[in-house]
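These are my notebook entries on a single protein chain. I set down what I looked up and the rule behind each term.

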Amino acid sequence: MADHIPTIEVIPEGTTHLVDGTLIPCWSWHNHPELYSGKHHITGVNIQIVTSLSGDIVWVSDPLSGSTHDVTAIDTHRLLEGRGPSQVIADKAYTGRGMITPEKKRPGQEITEETRNYNTAITKLRWPIEQAISHLKN
């Protein structure tokens, strides 16, 4: 058992990691609308989680308001500062930061078979972080 809370600096550099955010629900605070997540339609806090490719939790962020978008959260926590974003695998919420993410469907265009296969491959790599989040929440 760790005798301290890991900081972002302890995330090993030079290895590939998975990152994802999740909403931890909390009671409804009418005086704190920033906790309301429009995506989930409940109040809560946004936390970011980093795992190894095998799903071992490496780092959990401090909580942010539930209304905080995942990409804003990683910018706030400076997750990519000083490390190569190409060594981070994430979902579509993190598109535009240089990380490995599935490609979004462009309006009015069909997804090619090659893009579909690429997105499937990334999704298969990301299952360990989804499991880690599930275990963390339960």
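Entry 1, the cavity. I looked up the largest cavity and found 14 lining residues, of which I11, H17, R83, Q87 and V88 lie nearest its centre. I noted the rule: on a 1 Å grid over the protein atoms alone, a cavity is a set of points where a 1.4 Å probe fits but cannot get out, and lining residues have an atom within 4 Å of a point. The model is predicted, local features need pLDDT of at least 70, side-chain atom pairs count only at pLDDT 80 or more, and totals for chains, interfaces and linings use all residues. Residues are numbered from 1 along each chain as its sequence is written, and side-chain values use heavy atoms, with hydrogens and water left out.

I recorded about 100 Å³ of space in the largest cavity; a volume is the space filled by probe spheres set on the grid points, which are joined across faces, edges and corners. The count is one cavity of 30 Å³ or more. By class, the lining of the largest cavity has seven nonpolar, five polar and two charged residues. Here Ala, Val, Leu, Ile, Met, Phe, Trp, Tyr, Cys and Pro count as nonpolar, Asp, Glu, Lys and Arg as charged, and the others, Gly among them, as polar. Strand β1 (residues 17-25) gives the largest share of this lining, three residues.

I read the pattern β-β-β-β-β-α-β-α along the sequence, from two helices and six strands. Helices (H or I, at least four residues) and strands (E, at least two) are DSSP runs, numbered from the N terminus.

How many residues does the largest nonpolar core have? I found 13, and I11, V19, V50, W59, I74, L79 and M99 have the most contacts inside it. Such a core is a set of buried Ala, Val, Leu, Ile, Met, Phe, Trp, Tyr and Cys residues joined through side-chain atoms within 4.5 Å, where buried means under 20% relative accessible area with a 1.4 Å probe, protein chains only. Of the 138 residues of the chain, 37% count as buried.

I then followed L79: not counting residues up to four places away in sequence, L79 touches I8, I11, V19, V50, W59 and I74. Contact means heavy atoms within 4.5 Å.

Note on methods
Buried < 20%, exposed > 50% of the residue type's maximum accessible area, 1.4 Å probe, protein only. 1 Å grid on protein atoms, 1.4 Å probe; cavity = no way out; pocket = protein on both sides within 12 Å on 5 of 7 lines; lining within 4 Å.
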